[in-house]
Amino acid sequence: MRNIKNIAILGSTGSIGTQTLDVISEYSDRLYPYLLTANHNSELLISQALKYKPRKVVIADVSHFVAVREALAGTGIEVVAGADAIAESVADTEIDIVVTALVGYSGLAPTIRAINAGKKIALANKETLVVAGELITGMLKDSVSELIPVDSEHSAIFQCLVGEDVESVEKLILTASGGPFRTMSVAEMSKVTKADALNHPNWKMGAKVTVDSASMMNKGFEMIEARWLFNIVPDRIEIVVHPQSIVHSMVEFSDGSIKAQLGLPDMRLPIRYALNYPERLQSKAERLTVDRYSSLTFEKPDMQKFPLLGMAFDAIRAGGNVPCALNAANEIAVAAFLSDKIRFVDMPVVVGKAVARNSFVANPSYDDLIATNKDIREITLSLIK
């Protein structure tokens with residue numbers, strides 16, 4: 001039996017991917033980055049491959065294939081290209097854990113393939129459950145595959161539930177930093193820039209996730225993810241703004257007690273937990289000291305300033321393919337904002353109009369979700385134009 005776990009990192013060049021490699025570096029006697037994948041960032045993928053010596057790399061953008069192959073020639077590292085190759089590669093029998101750190105809808109197909117292959121999945125791609133929560137949870141019931149959340153909020157809830165009777169859970173409390181615009185008025189937010197939105201006060205994340213955090217759509221998606229991860233209805237999930245980002249989330253039980261998981265805002269903590277669950281890995285990481293954070297505050301989110309959060313609740317209550325439509329519209333709107341085609345405050349307007357034009361499917365199949373994603377993206381693009 002192997003003592004070292006082989007890890008596949010889908011999206012190794014992104015924020016979660018690079019931090020996963022940091023964690024693997026801490027425990028090279030236990031963890032090995034067997035597979036690394038990237039979308040466009042071939043230069044960083046090459047650098048990672050030369051440093052960590054994975055068995056295989058996948059570059060989704062085929063236009064970068066030759067450059068990656070030539071750079072890694074003679075290393076013994078297998079190089080393949082194409083989005084389909086990512087999904088195919090996770091089925092490798094040598095892979096023990098699949099870290100899905102891809103951004104957006106692109107994480108869905110590889111996650112499905114990993115479930116079919118019976119892999120342990122460290123899920124850092126919330127859109128998988130936003131788009132296809134019912135489909136994914138149904139598949140997990142018929143698979144030996146295990147899903148461990150990596151998002152700090154869901155990891156916190158997961159940890160709070162260890163050893164507890166799930167029937168005693170009364171409410172999940174997801175914490176949100178409030179992002180860079182928490183104290184701004186609606187009028188002030190009409191003038192914010194891309195640089196403003198990307199200046200998160202606590203976390204270092206990729207551009208898309210950072211903008212979602214600024215609009216609080218990220219928290220809406222996390223609510224939908226929690227609905228499926230923990231089998232709890234949306235009305236029993238509460239969002240609270242916690243600017244210090246120390247309490248990562250909480251669980252309220254039927255006896256009135258509340259359990260919380262605390263830690264510094266460092267994604268390597270939940271990554272470390274997911275990669276070696278159920279055991280905890282010893283770490284020399286900086287510790288949280290209570291005296292340094294003697295004042296922790298909580299407040300309700302302002303739904304008027306952050307309408308996308310309300311849209312997420314509406315979408316999951318509507319069910320069917322509506323959350324898929326919401327995700328598709330949001331991905332296009334965020335890309336348009338990052339390309340300076342629309343303002344920050346235009347995003348909820350565009351997303352709302354696009355979702356309103358969705359053709360509702362109550363019990364969507366995988367093919368239905370593919371069609372919904374395609375249609376809503378085209379609708380959203382037309383609205384932006």
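This is a predicted model: local features need pLDDT of at least 70, side-chain atom pairs count only at pLDDT 80 or more; totals for chains, interfaces and linings use all residues.

Me: Good to know. Where is Lys 219 found, then?
Reply: Lys 219 belongs to helix H11, which covers residues 217–229.

Me: And is Lys 219 buried or exposed?
Reply: Buried, because its relative accessibility is 7% and the cut-off for buried is under 20%.

Me: Which residues is Lys 219 in contact with, leaving aside its neighbours within four places in sequence?
Reply: Its contacts are Glu 153, Leu 174, Thr 175, Ala 176, Ile 239 and Leu 309.

Me: What does the UniProt "binding site" annotation cover?
Reply: According to the unreviewed UniProt entry, that annotation takes in Lys 126, Ser 152, Glu 153, Ser 177, His 200, Ser 213, Asn 218, Lys 219 and Glu 222.

Me: What does the side chain of Ser 152 make a polar contact with?
Reply: With the side chain of Glu 153, at 3.2 Å.

Me: Let's change topic to the strands. How does S1 pair with S2?
Reply: S1 and S2 run parallel and share six bridges. Asn 6 sits opposite Tyr 32 of S2. Together with helix H1 (residues 15–26), these two strands form a right-handed β-α-β unit.

Me: Is S1 mostly covered or mostly open?
Reply: Mostly covered: of the six residues in S1 (residues 5–10), five are buried. S1 also pairs in parallel with S5 (residues 97–100), over four bridges, where Leu 10 faces Thr 100.

Me: And S3, which way do its residues point?
Reply: S3 spans residues 56–59, with Lys 56 and Val 58 pointing one way, Val 57 and Ile 59 the other, and all of them buried.

Me: Which partners does S3 have?
Reply: S2 (residues 31–38) is one of them, parallel to S3 with four bridges, and Ala 38 stands across from Ile 59 there. Between S3 and S4 the chain passes through helix H3 (residues 65–71), in a right-handed β-α-β crossover.

Me: Zooming out, how many helices and strands does the chain have?
Reply: It has 16 helices and eleven strands. The radius of gyration is 20 Å, close to the 21 Å that the globule rule gives for 385 residues, so the chain is as compact as a globular protein of that length.

Me: What size of box do the C-alpha atoms fill?
Reply: Roughly 60 × 50 × 40 Å along the principal axes.

Me: Last one: what share of the residues is buried?
Reply: Buried residues account for 55% of the 385. As for contacts with a separation of 6 or more, 68% link residues 24 or more positions apart.

Note on methods:
Residues are numbered from 1 along each chain as its sequence is written. Side-chain values use heavy atoms; hydrogens and water are left out. UniProt positions are given in the numbering used here, feature names are shortened, and annotations may be inferred rather than shown by experiment. A polar contact is a pair of N or O atoms within 3.5 Å; within protein, one must be able to donate a hydrogen and the other to accept it, and residues adjacent in sequence count only if both atoms are side-chain atoms. Buried means under 20% relative accessible area, exposed over 50%, partly exposed in between (1.4 Å probe, protein chains only). Contact means heavy atoms within 4.5 Å. Two strands pair if DSSP finds at least two bridges between them. A crossover is right-handed if, with the strands pointing away from the viewer, the path from the first strand over the helix to the second runs clockwise. The radius of gyration is taken over C-alpha atoms; the globule rule is 2.2 Å times the number of residues to the power 0.38.
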